[in-house]
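Student: I would like to go through this model with you. Could we start with burial and then move on to the strands?

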Amino acid sequence: MTDPIADMLTRIRNSSMRGKSTVMTPASKLRAWVLDVLADEGYIRGYEKTTGADGHPAIEISLKYYEGTPVIRELKRVSKPGRRVYMGVGDIPQVRQGLGVSIVSTSKGVMSDAAARNANVGGEVLCTVF
């Protein structure tokens, strides 16, 4: 697998469209950091580290719904293995004029776009969520 973050985002997107309550993905530190930001921003209920059916570490993500519709309407990968997207603190995009969140990997950790602006750091824009 060349892009584990895109794989996780696709699993979340597909499961939420099908109305699933949970989704499993292989475990990694970067995935957990991205899920921390999604949980802090209120897009998922939370996640739990478990062991998958194959015996490898996995993460079980609890998806969030509001009146039967998924809270996550749009989930897009910005920086890809073929084209990395780095931005300074002044260039970090606002998603839907502040209604959505950009997840940024900075030197101070993985954080939302608002937290990156407050910390005055730029970095790699991993994905956008609305």
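Student: What share of the 130 residues in the protein chain is buried?

Tutor: This is a predicted model. Buried residues account for 40% of the 130 residues in the protein chain.

Student: And strand 8, how many of its residues are buried?

Tutor: Five of the six residues in strand 8, which covers residues 101-106, are buried, so the strand is mostly covered.

Student: Which sense does the pairing of strand 8 with strand 10 take, parallel or antiparallel?

Tutor: Strand 8 pairs with strand 10 (residues 123-129) in the antiparallel sense, over six bridges. Within that pairing, valine 104 has valine 125 in strand 10 as its bridge partner.

Student: What about strand 9, how many bridges does strand 8 form with it?

Tutor: Strand 8 and strand 9 (residues 109-112) are joined by four bridges, again in the antiparallel sense. Serine 105 stands opposite valine 110 of strand 9. The two strands form a hairpin, with two residues between them.

Student: Changing topic: how many helices and strands does the protein chain have?

Tutor: The protein chain has three helices and 10 strands. From the N terminus, the order of elements is α-β-α-β-β-β-β-β-β-β-β-α-β.

Student: Why is the protein chain called as compact as a globular protein of that length?

Tutor: Its radius of gyration is 14 Å, close to the 14 Å that the globule rule gives for 130 residues, so the protein chain is as compact as a globular protein of that length.

Student: Lastly, how far apart are the mean positions of the positive and negative charges?

Tutor: The mean positions of the 18 positive and 13 negative charges of the protein chain lie 4 Å apart.

Methods. Residues numbered from 1 in each chain as written. Predicted model: local features only at pLDDT ≥ 70, side-chain atom pairs only at ≥ 80, totals over all residues. Heavy atoms only, no water. Rg over C-alpha atoms; globule rule 2.2 N^0.38 Å. Buried < 20%, exposed > 50% of the residue type's maximum accessible area, 1.4 Å probe, protein only. Lys, Arg positive; Asp, Glu negative; His and termini not counted. Charge placed at Lys NZ, Arg CZ, Asp CG, Glu CD. Pairing = 2+ DSSP bridges.
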